Amino acid sequence: MITPHQTILPFLAVAFSLTLFHSAGAETCPKAGGVEAGASCEHGDGVRTGHTHASESHGDAGRMVHIHRMTCDDGAVARWKPVGRDVVTFKVKDWAGVSLEVALAIRRGVLRWNRVQPFYVMWETTREDADITIELLDDLLPGIVGAAKVKCRNAREGIRKAYVFLALKGVGAVEAQNMTAHEIGHAMGLGHSDHSHDLMDAKLAEKNIDKRMICPSNLNRAGLIAGMHSVAIPAEEWTETDCWGRRSG
């Protein structure tokens with residue numbers, strides 16, 4: 001019998017360009033039509049996200065830190081357009097049978113975005129037609145612990161659907177929360193940040209994310225609001241919003 005896990009893995013291998021927590025650098029390809037260079041190659045009905053690895057220094061005076069936006073098939077900035085509604089729904093499918101502690105941490109990883117999201121709130125549902133589907137698995141592909149797929153054909157329609165896949169074998173609650181929050185950032189249309197302490201940093205998985213909770217920043221919020229493919233703020237102005245809504249540098 002083919003299990004859900006066996007069905008998902010070949011699909012990931014073919015269709016998913018956003019292997020966002022990985023042990024090796026993603027293959028890149030040049031882009032045309034105004035889309036940022038260095039974005040990971042697109043497969044099928046997906047979007048692209050930028051991969052830049054700038055200086056890892058923190059708080060350098062005068063340095064700008066950037067976050068990229070994902071793009072639709074037509075090259076437009078990808079964003080949700082919840083016309084006539086004020087929520088984007090998500091549904092969790094637990095194929096891995098995670099503990100209650102990890103399950104709650106995953107939901108916190110999603111809901112922390114409500115503290116910085118200016119357009120709508122994230123709301124859990126049991127409906128199969130949820131906007132974002134989160135699949136909890138034991139493993140994904142070799143070296144990959146998280147992946148996201150966002151469907152966006154053009155700017156007029158906006159993001160139509162998003163999928164998040166998490167490999168949770170041996171993962172504790174804090175790490176699961178951080179992994180989830182990072183991948184949900186992609187599901188909301190954010191690419192990677194080049195700030196070394198940012199939740200959307202491309203190298204986040206290499207930084208002891210099982211030790212402390214990492215929350216969205218003002219750079220992430222700027223990226224969500226912007227209509228541009230790349231957003232920058234001065235490094236010294238970067239602040240993280242902790243999980244209780246306070247600000248920390």
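Where is W95 found in the chain? I looked it up and found W95 in the loop between strand 3 and helix 2. Helices (H or I, at least four residues) and strands (E, at least two) are taken here as DSSP runs, numbered from the N terminus.

I note that this is a predicted model, in which local features need pLDDT of at least 70 and side-chain atom pairs count only at pLDDT 80 or more, while totals for chains, interfaces and linings use all residues. Residues are numbered from 1 along each chain as its sequence is written, and side-chain values use heavy atoms, with hydrogens and water left out.

**Entry: W95**

I computed a relative accessible area of 45% for W95, so W95 is partly exposed. For burial I use these cut-offs: buried is under 20% relative accessible area, exposed is over 50%, and partly exposed is in between (1.4 Å probe, protein chains only). I also looked up W95 against L136: 41 residues separate them in sequence, and their C-alpha atoms are 5.5 Å apart.

**Entry: the chain**

I counted 4 helices and 11 strands in the chain. Of the 249 residues in the chain, 51% are buried. Among contacts in the chain with a separation of 6 or more, 73% are between residues 24 or more positions apart. Contact means heavy atoms within 4.5 Å.

**Entry: the disulfide**

I searched the whole structure and found 1 disulfide, a term that stands for a pair of cysteine sulfur atoms within 2.5 Å. The disulfide joins C72 to C152, with an S to S distance of 2.0 Å. C72 sits in the loop between strand 2 (64-69) and strand 3 (87-94), and C152 in the loop between strand 6 (144-151) and strand 7 (161-167), so the pair ties together parts that are 80 residues apart in sequence. The torsion about the S-S bond of C72 and C152 is about 45 degrees, which means that the disulfide is right-handed. Both C72 and C152 are buried.

I then checked R153, which lies in the loop between strand 6 and strand 7. R153 is partly exposed, at a relative accessible area of 41%. R153 and C72 are 81 residues apart in sequence, with 5.3 Å from C-alpha to C-alpha.

How many residues of helix 3 are buried? I found 13 of its 15 residues buried, so helix 3 is mostly covered. Helix 3 (residues 173-187) reaches 21 Å from its first C-alpha to its last, close to the 21 Å expected at 1.5 Å a residue; the expected span is 1.5 Å times one less than the number of residues. G189 follows helix 3 and has a positive phi, near 110 degrees.

I recorded an angle of about 30 degrees for the packing of helix 2 (residues 100-111) with helix 3, with their axes 7 Å apart. Axes are lines fitted to C-alpha atoms, for helices over the stretch in contact, and angles run from 0 to 180 degrees between N-to-C directions. The crossing of these helices is right-handed, that is, the near helix is turned clockwise from the far one by less than a right angle. On the helix 2 side I listed residues including V102, A105 and I106, and on the helix 3 side residues including A176, T180 and I184.

I placed T125 in the loop between strand 4 (121-124) and strand 5 (132-137). T125 counts as buried at 16% relative accessibility. Not counting residues up to four places away in sequence, T125 touches T89, F90, K91 and A130. T125 and V92 are 33 residues apart in sequence and 8.5 Å apart in space, C-alpha to C-alpha.

N208 is found in the loop between strand 8 (190-193) and helix 4 (218-225). I noted a positive phi of about 50 degrees for N208, although N208 is not a glycine. Most residues other than glycine have a negative phi. N208 is exposed, with a relative accessible area of 52%.
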